[in-house]
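Hi,

Here is the structure I promised to pass on.

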Amino acid sequence: MNKNSSRVQPVGKLITFNPTGEFYFNKGIKAYHQRDYYKSLKYLQRALALEPGEPMIACQLAVVYADIGEYQKSNELLHVIIEELDEDMVECYYFLANNYAHLGFFKDAYYHAKLYLSLDKDGEFVEDTEDLMEVLSLESEELEEEEAYEEEDLITRQEQARALLESGNFPQAIEVLTKVIQDYPEYWSAHNNLALAHFYLGQAEKASEILEHVLTKNIGNLHALCNKLVFAYYQNNDSHVTELAAILRKINPISIDHQFKLGTTFALIGEYDTAYFWLKKIYKKGFQGDGSFYYWLSYAAYHTGNKQTAKKAWKKVIDDQPEKEGQEPWNNSEHKISGFEDHLSSILKRFESNHVEERLFATFLTSVSSLKEKILSSSSIQQKNVFTKIEQDYLSFVKSGTQIKDPFLYVAHHTAEQIYSNHHPIGTEETSLYLLWFSAILEMQTAGALYKNCIASAAAIDYLWNQTRDSKKTQQEIADQYGLSTSTLQKYIKSMKSYMQSIYS
């Protein structure tokens with residue numbers, strides 16, 4: 001053997017390559033210049049995941065989103081940059097102006113273009129902005145009316161919040177609605193929706209405080225009264241349900257929006273006669289609505305003996321939401337809201353969330369969904385998201401069924417399964433329990449604390465969740481439900497309380 005051969009022998013130590021956010025950012029820029037936008041998107045999403053507070057990465061990602069036609073996602077990122085990361089990145093206003101122009105919101109576009117010119121008179125995009133304003137002037141009149149801009153801005157943000165609420169993305173909905181209220185303190189619709197988001201996250205006291213604030217400042221607000229009735233119904237507060245329902249039955253609103261709200265509220269609490277009266281009334285007037293309207297109309301019609309109307313309305317539901325097939329009112333001996341595990345659009349929306357716990361929950365929903373294969377083959381998973389390692393491992397497990405090696409992921413999934421055995425189908429109330437669990441496991445992973453008894457973990461998080469909802473369930477009841485001793489349950493409750501404090505702080 002050559003006497004110098006030791007120089008080229010392995011020394012038994014591998015150097016780990018850990019790419020940084022800058023590494024992926026540079027690869028994303030290179031792909032962008034090569035016009036490979038989806039590869040650029042992938043690298044930039046990874047870069048932002050590694051350095052979430054870096055405005056330059058976020059801005060470039062917003063530009064790529066715009067180039068592939070995802071203008072709403074681009075706008076969301078641009079607003080985050082301006083409002084949270086770097087208010088001096090005024091070029092974001094130019095990008096916002098372009099996006100709003102493509103969306104057809106010309107007043108919004110003009111507003112942001114004008115704002116950019118006022119903040120960066122010698123900026124890189126001044127000439128382009130002036131050209132854009134000239135084109136916008138040809139497209140629409142009265143572009144400088146501030147009130148008109150505010151109205152379009154409200155519509156855009158309210159629609160975003162509504163979509164988040166409907167898909168069960170309550171933490172994100174709260175973020176959006178809180179900002180809307182900061183900008184428009186007397187926009188009561190945002191207050192009411194914020195109350196709903198808090199309630200469905202299990203924060204009933206906070207939700208009630210918001211509704212009381214609305215009713216104090218805007219006496220007789222119909223949406224707030226309806227929401228109070230819904231809360232009382234979910235909390236099994238029969239006396240309040242009776243009292244509030246009696247008040248609402250006496251109201252005879254002119255507004256179609258108010259008639260719709262009354263109809264859907266009474267349908268939700270099972271008072272189908274009153275519900276059918278209002279929903280059928282606006283249906284006769286030519287009100288179209290969305291899948292939600294026809295869903296409640298169908299249920300109200302069926303339970304009042306109007307089966308032909310029920311079937312006609314249900315056909316509209318299936319046209320809008322094919323995943324609801326099989327959930328017809330005549331296939332249910334009792335009315336119940338179907339679980340999120342079989343709501344395709346809701347699960348895909350969660351995969352696009354900015355919150356890791358939401359995306360983990362989406363993966364669990366996929367694992368128990370009858371639409372599993374359709375979800376796994378969707379573009380939301382295939383090319384539009386870059387997940388953290390625990391998410392990638394989780395998706396790999398759900399796809400292949402191979403053994404989970406990561407101990408935290410093992411506990412995360414199997415604890416969720418134990419919860420599911422006691423809380424399914426997953427409705428709006430149950431959603432907050434699963435989000436609480438996945439938030440807790442992320443806190444545990446950060447702290448390096450692992451509790452291996454999945455049944456005890458599920459029981460403990462269930463008990464703590466019930467406490468946040470002012471539930472009267474005792475430790476003994478929860479222990480019996482999960483087949484545990486109270487001493488084991490108490491031990492796990494005590495250990496997990498610190499993570500609850502971190503989540504709600």
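Glu-271 is partly exposed, because its relative accessible area is 22% (buried is under 20%, exposed over 50%, partly exposed in between, with a 1.4 Å probe and protein chains only). Before you go on, note that this is a predicted model: local features need pLDDT of at least 70, side-chain atom pairs count only at pLDDT 80 or more, and totals for chains, interfaces and linings use all residues. Residues are numbered from 1 along each chain as its sequence is written, and side-chain values use heavy atoms, with hydrogens and water left out.

Back to Glu-271, which makes a salt bridge with Arg-249, with 2.9 Å between the closest N and O atoms (the term means a side-chain nitrogen of Lys or Arg within 4 Å of a carboxyl oxygen of Asp or Glu). Glu-271 sits in the loop between α14 (256–268) and α15 (272–284) and Arg-249 in helix α13 (residues 238–249), so the pair ties together parts that are 22 residues apart in sequence. Helices here are DSSP runs (H or I, at least four residues; strands are E, at least two), numbered from the N terminus. Arg-249 is also partly exposed, at 43%.

There are 6 salt bridges in the structure. One of them joins Lys-315 and Asp-319, whose closest N and O atoms are 3.8 Å apart. These two are 4 residues apart in helix α17 (residues 307–320), so about one helical turn separates them. Another links Asp-393 to Lys-389 at 2.8 Å between the closest N and O atoms, and both of these lie in helix α22 (residues 389–400), 4 residues apart. Asp-393 is partly exposed at 27% relative accessibility, while Lys-389 is exposed at 58%.

Now for the charged patches on the surface. A patch takes residues with over 30% relative accessible area and no salt bridge, joining like charges within 9 Å and nonpolar side chains (Val, Leu, Ile, Met, Phe, Trp, Tyr) within 5 Å. Lys-27, Lys-30, Lys-39 and Lys-42 gather in a positive one, and α1 (21–33) and α2 (37–50) each supply at least two of its residues. Lys-42, in helix α2, is exposed at 52%. The loop between α1 and α2 holds Arg-35, which has a positive phi near 60 degrees although it is not a glycine. Most residues other than glycine have a negative phi, and most peptide bonds are trans. A cis peptide bond turns up between His-424 and Pro-425, with omega about -5 degrees.

A negative patch is made up of Glu-124, Glu-127, Asp-128, Glu-130, Asp-131 and Glu-134. Glu-127 belongs to helix α7 (residues 126–139) and is exposed, at 59%.

What about the aromatics? I count 30 aromatic pairs (rings of Phe, Tyr and Trp, using its six-membered ring, with centres within 6.5 Å; planes under 30 degrees apart are stacked, over 60 edge-to-face, the rest tilted). Phe-23 and Tyr-24 are edge-to-face, with 5.3 Å between centres and 80 degrees between planes. Tyr-295 and Trp-296 are edge-to-face as well, at 5.1 Å and 90 degrees, and both are buried. Elsewhere, Phe-170, Phe-199, Tyr-200, Phe-231, Tyr-233 and Tyr-234 make one aromatic cluster.

Cheers

Definitions and conventions. Accessible areas come from the Shrake-Rupley method with a 1.4 Å probe; for residues, only the protein chains shown count as cover. Lys and Arg count as positive and Asp and Glu as negative; His and the chain ends are not counted. The place of a charge is taken as NZ of Lys, CZ of Arg, CG of Asp or CD of Glu.
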